[in-house]
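Biologist: Could you walk me through this model and tell me what stands behind the words you use for it?

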Amino acid sequence: MAAVISRNDPAFDEALLDRASVAFGVFDGVHEGHRFIIGEAVNTAREEGRASAVITFDIDPDEVFAADRLKKLMTNEARIAKLAELDVDAVVVLPFSREFAAQSPEDFLNACFGGGVPSHIHIGSDFHFGRKASGNVKSLRVWGAERGMEVHGHELVAEGGRPVTATRIRGLLSEGRAREAADLLGRPYELSGLVRPGRGEGRDFGFATANLEVPPMLLAVGEGVYACYAVVEGARYKAAVNVGVPATFADTAKENIEVHLLDFDENIYGQDIEVEFIEWLRPMRAFESTDELIATVQSNIAWVRENL
């Protein structure tokens with residue numbers, strides 16, 4: 001597990017980055033394309049016997065500049081923890097703010113690195129930084145050349161003839177295409193939430209649910225019913241999951257995720273659970289009768305039991 005340290009931590013030592021090989025980016029999702037760039041930084045470090053590091057921000061910059069339309073693939077805490085699982089020596093976290101972003105590209109880089117300039121930096125070819133995103137790979141190369149830093153601007157990894165990007169993955173998830181998104185992420189899309197008391201109809205109908213209220217910014221997956229796995233206190237259970245407010249109960253529902261865990265009957269109110277999305281089963285819809293609703297949900301649960 002890599003060490004995680006803030007650039008503003010009094011204990012931060014600029015020598016950590018000095019002459020290291022680093023990958024720099026937000027890395028929302030830590031998907032295949034991100035892992036390729038980080039892997040290239042690790043390879044360079046090994047070839048030259050240097051330290052390797054990931055440099056990222058404590059928040060996604062779009063939380064500052066595009067919060068009204070942002071759909072994040074991970075919480076910031078989960079993103080940084082996932083980066084720390086990779087084969088790097090350190091994850092350096094830069095506190096992000098409007099003031100930080102408003103610096104000229106040169107001042108931005110000086111603030112990032114100070115006296116600890118890496119020998120190699122690996123980035124995507126679409127990398128931008130500084131005031132009005134005016135810094136790019138070309139200007140980074142100019143800055144780096146003056147300080148003995150080699151800049152590696154990588155073309156984006158492609159799958160199916162298209163670049164692998166967080167935006168592409170979010171688009172797939174919004175359409176319920178969980179398996180295709182998982183192929184690009186390298187793992188199932190997952191989210192976590194706190195279990196809270198719900199309306200209670202599910203238990204009355206014979207299929208109790210754990211009800212999660214997830215902030216819209218963290219709900220990248222589209223509405224529908226999914227076959228999933230849910231992780232509760234380290235144990236993994238098959239689950240049928242509704243995403244979105246059930247149309248039948250639209251007047252009273254607040255929860256936007258309802259998780260029915262198979263072969264599970266414990267009180268987990270107040271606990272966090274993780275949900276891994278495997279397969280989209282059907283759209284959300286209103287039912288003409290309670291019997292039709294129960295039969296449909298039982299059919300969904302049977303599919304999950306037999307196919308996961």
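Modeller: Here are the terms one by one, each with its rule.

Modeller: This is a predicted model, where local features need pLDDT of at least 70, side-chain atom pairs count only at pLDDT 80 or more, and totals for chains, interfaces and linings use all residues. Residues are numbered from 1 along each chain as its sequence is written, and side-chain values use heavy atoms, with hydrogens and water left out.

Biologist: How many helices and strands are in the protein chain?

Modeller: The protein chain has 10 helices and 14 strands. Both are DSSP runs numbered from the N terminus: H or I over at least four residues for helices, E over at least two for strands.

Biologist: What makes tyrosine 237 partly exposed or buried?

Modeller: Buried means under 20% relative accessible area, exposed over 50%, and partly exposed in between, with a 1.4 Å probe and protein chains only. Tyrosine 237 has 21% relative accessibility, so it counts as partly exposed. Phenylalanine 264 has 17%, so it counts as buried. Glycine 193, found in strand S9 (residues 189–196), has 6% and is therefore buried. Of the 308 residues of the protein chain, 49% count as buried.

Biologist: Which residues does glycine 193 touch?

Modeller: Contact means heavy atoms within 4.5 Å. Not counting residues up to four places away in sequence, glycine 193 touches Leu212, Gln271, Asp272 and Ile273.

Biologist: What makes phenylalanine 127 and phenylalanine 129 an aromatic pair, and what is the angle between the planes?

Modeller: Rings of Phe, Tyr and Trp (its six-membered ring) pair if their centres lie within 6.5 Å; planes under 30 degrees apart are stacked, over 60 edge-to-face, and the rest tilted. By this rule there are 15 aromatic pairs. For phenylalanine 127 and phenylalanine 129, the centres are 5.6 Å apart and the planes make 40°, a tilted pair. Both of these phenylalanines are buried. Ring pairs also link them into a cluster whose members include Phe24, Phe57 and Trp143.

Biologist: Why do you say that the pair of tyrosine 237 and phenylalanine 264 ties together separate parts in sequence?

Modeller: Tyrosine 237 and phenylalanine 264 form an edge-to-face pair, 4.9 Å centre to centre with 70° between the planes. Tyrosine 237 lies in strand S12 (residues 235–243), while phenylalanine 264 is in the loop between strand S13 (257–261) and strand S14 (272–282), so the pair ties together parts that are 27 residues apart in sequence.

Biologist: How do you know that the buried residues of H3 line one face of the helix?

Modeller: In helix H3 (residues 76–84), Asn76, Arg79, Ile80, Leu83 and Ala84 are buried. Seen down the axis, they fall within an arc of 135°, so they line one face of the helix. That arc is taken from the directions from the helix axis to the C-beta atoms. Among the elements they pack against are strand S1 (3–6) and helix H1 (32–48).

Biologist: What makes S1 and S6 edge strands of the sheet?

Modeller: Two strands pair if DSSP finds at least two bridges between them. Six strands form an open sheet in the order S1-S4-S3-S2-S5-S6, with parallel pairing. S1 and strand S6 (150–154) each have a single partner strand, so one side of each is left without a neighbour in the sheet.

Biologist: How many bridges join strand S2 to strand S5?

Modeller: Three bridges join strand S2 (residues 21–24) to strand S5 (residues 120–124). Valine 22, for one, has isoleucine 121 in S5 as its bridge partner.
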